[in-house]
Amino acid sequence: MAHGPISAFSLVYAARTDTGRVRARNEDAVIIDPDWGLVVVADGVGGAHAGDVASRLATATIANCIHDHPVPRHDSEQTRLTIEK
């Protein structure tokens with residue numbers, strides 16, 4: 001039995017952030033991990049002290065939690081058998 005992803009499609013990832021019209025620095029953060037099918041986006045809190053740090057910390061924390069505690073995945077045959085029961 002193969003133990004790969006159960007998917008009939010593939011995803012193409014892209015991200016872009018912008019400082020906007022008011023802020024001097026970009027406070028947005030994005031983490032993309034195609035191996036995990038993971039996209040995490042945090043919009044910085046405009047004008048808050050260290051909003052850029054907060055958004056980077058939030059995305060990194062979420063990504064680390066996903067990597068450290070992955071959701072169990074089944075192969076397609078096991079999934080089919082489970083659904084048919």
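User: Which residue takes a positive phi in the hairpin of β1 and β2?
Analyst: This is a predicted model, in which local features need pLDDT of at least 70, side-chain atom pairs count only at pLDDT 80 or more, and totals for chains, interfaces and linings use all residues. Residues are numbered from 1 along each chain as its sequence is written, and side-chain values use heavy atoms, with hydrogens and water left out. The hairpin has four residues between its strands (strands are DSSP runs of E of at least two residues, helices runs of H or I of at least four, both numbered from the N terminus). With a phi near 65°, the residue in question is G37.

User: In which sense do β1 and β2 pair?
Analyst: Strands count as paired if DSSP finds at least two bridges between them. β1 covers residues 29-33 and β2 covers residues 38-42, with five bridges joining them. The sense of the pairing is antiparallel.

User: Which residue of β2 stands opposite I32?
Analyst: I32 lies in strand β1. Its opposite number in β2 is V39.

User: Is I32 buried, partly exposed or exposed?
Analyst: Buried means under 20% relative accessible area, exposed over 50%, and partly exposed in between, with a 1.4 Å probe and protein chains only. I32 has a relative accessible area of 31%, so it is partly exposed.

User: About what area does the nonpolar surface patch have?
Analyst: A patch is built from residues with over 30% relative accessible area and no salt bridge; nonpolar side chains (Val, Leu, Ile, Met, Phe, Trp, Tyr) are joined within 5 Å, like charges within 9 Å. A salt bridge is a side-chain nitrogen of Lys or Arg within 4 Å of a carboxyl oxygen of Asp or Glu, and areas come from the Shrake-Rupley method with a 1.4 Å probe, only the protein chains shown counting as cover for residues. V30, I32, V39 and V41 make the patch, with an area of about 300 Å². The elements that give two or more residues to the nonpolar patch are β1 and β2, and the area asked for is about 300 Å².

User: How far is the backbone oxygen of E27 from a polar atom of the S55 side chain?
Analyst: S55 lies in helix α1, residues 51-68, and is buried because its relative accessible area is 4%. E27, in the segment before β1, also counts as buried, at 7%. A polar contact is a pair of N or O atoms within 3.5 Å; within protein, one must be able to donate a hydrogen and the other to accept it, and residues adjacent in sequence count only if both atoms are side-chain atoms. The S55 side chain reaches the backbone oxygen of D52 at 3.1 Å, and its distance to the backbone oxygen of E27 is 2.4 Å.

User: How far apart in space are the C-alpha atoms of E27 and G44?
Analyst: S55 touches E27 and G44, among others, where contact means heavy atoms within 4.5 Å. E27 and G44 are 17 residues apart in sequence. Their C-alpha atoms are separated by 4.4 Å.

User: What relative accessible area does T59 have?
Analyst: T59 is found in helix α1. Not counting residues up to four places away in sequence, T59 touches A29, V30, I31, V40, V41 and A42. T59 is buried, with a relative accessible area of 2%.

User: Which residue has a positive phi of about 60° although it is not a glycine?
Analyst: Most residues other than glycine have a negative phi. The residue asked about lies in the loop between β2 and α1 and counts as partly exposed, at 25% relative accessibility. It is A50.

User: What percentage of the residues in the protein chain count as buried?
Analyst: The protein chain has two helices and two strands, in the order β-β-α-α. It contains 85 residues, and its accessible surface comes to about 6900 Å², 57% of which belongs to carbon and sulfur atoms. The buried share of the residues is 15%.
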